[in-house]
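User: I would like to learn how to read side-chain contacts in a model such as this one. Could you take me through them step by step?

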Amino acid sequence: MFTGIIEELGTVTNLVPEKDNLHISVKSNMTSELKIDQSVSHNGVCLTVVSISEDEYTVTAIKETLERSSLGHLKTGDTINLERAMKLGDRLDGHIVQGHVDQTAVCSDIKNANGSWVFTFTYDPTSNNITIEKGSITIDGTSLTVVDSGKDFFSVAIIPYTYEHTNFKNYRPGTTVNLEFDVVGKYVARLLDLHK
C-alpha cells in the first residue's frame, strides 16, 4: 500500500530482459535503506526488490506488468518516481494507492498556468475506468486531484514543488504514463456493473 507521495527520483541504470521478464536496476539515494523482498513503487508500479549492490538495486517486472504499464518503454538513464510502501500508523498524505496500474494514458496537452501547470491526459475508455472532478487519480505513482474530467480524458494541476520533485518535468505531449484509478471508484463502478 502506498500514498502517492513521491519520495525521490531514481535513475534506471540497467535493463536486462530474461524470457518474458525485465530486470530493472535503479540508482537511488534510498538504496541503503532497502531490503530484499521490500515493495517499492516505480512510476506507480509495485515491484519487489530482488537484489541490492551499493547504491543500486534491482526489481523484476513480469510480462503482464510490462503489457499493462509503461515500464516496457524504459531506457537506461530514464528518471522514475519512487515511493516505499507506507508504514502502519503513517499519515495518509495522498490517497490509498495499491501500486497496481490499471492502464496507460498519453499526455495530450501541457499549459503553463502562471506559476503552475495543467496537464491533460487521454486514455482508452473501453476498460470502464473513470475519473471525476475533484476525485483522486494516480499518475506514475503520484497522487493527484482531477480538475477536469471527460469520457476519455482528464486534467490535473501541478504545483512547482510536484513539478520539480517528480518526473512531471520530463513529460511532453505524447509521453505515456501509468494510471491507477481511485480504488473506491473502481469498487463502485464494479458494483454498478454487476447490478445492470
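**Aromatic and charged contacts**

Analyst: One aromatic cluster is formed by Phe119, Phe121, Tyr123, Phe154, Phe168, Tyr171 and Phe181. This is a predicted model, in which local features need pLDDT of at least 70 and side-chain atom pairs count only at pLDDT 80 or more, while totals for chains, interfaces and linings use all residues. Residues are numbered from 1 along each chain as its sequence is written, and side-chain values use heavy atoms, with hydrogens and water left out.

User: How many aromatic pairs are there by the rule?

Analyst: Rings of Phe, Tyr and Trp (its six-membered ring) pair if their centres lie within 6.5 Å, and planes under 30 degrees apart count as stacked, over 60 as edge-to-face and the rest as tilted. By this rule there are 10 aromatic pairs. The rings of tryptophan 117 and tyrosine 163 are stacked, because their centres are 3.9 Å apart and their planes lie at 10°. Tryptophan 117 belongs to strand S8 (residues 117-122) and tyrosine 163 to helix H2 (residues 160-165), 46 residues apart; here helices (H or I, at least four residues) and strands (E, at least two) are DSSP runs, numbered from the N terminus.

User: Which arrangement do phenylalanine 119 and tyrosine 171 adopt, stacked or edge-to-face?

Analyst: Their pair is edge-to-face, with 6.1 Å centre to centre and 80° between the planes. Phenylalanine 119 lies in strand S8 and tyrosine 171 in the loop between H2 and strand S12 (176-181), so the contact ties together parts that are 52 residues apart in sequence. Buried means under 20% relative accessible area, exposed over 50%, and partly exposed in between (1.4 Å probe, protein chains only). Phenylalanine 119 is buried at 1%, and tyrosine 171 is also buried, at 4%.

User: What is the general idea behind a salt bridge, and how many are counted?

Analyst: Side chains of opposite charge can pair when their charged atoms come close. The rule asks for a side-chain nitrogen of Lys or Arg within 4 Å of a carboxyl oxygen of Asp or Glu, and the count comes to 6 salt bridges. In one of them, glutamate 7 meets arginine 84 at 2.7 Å, N to O. This pair links distant parts of the chain, with glutamate 7 in the segment before strand S1 (8-18) and arginine 84 in strand S6 (residues 79-84), 77 residues apart.
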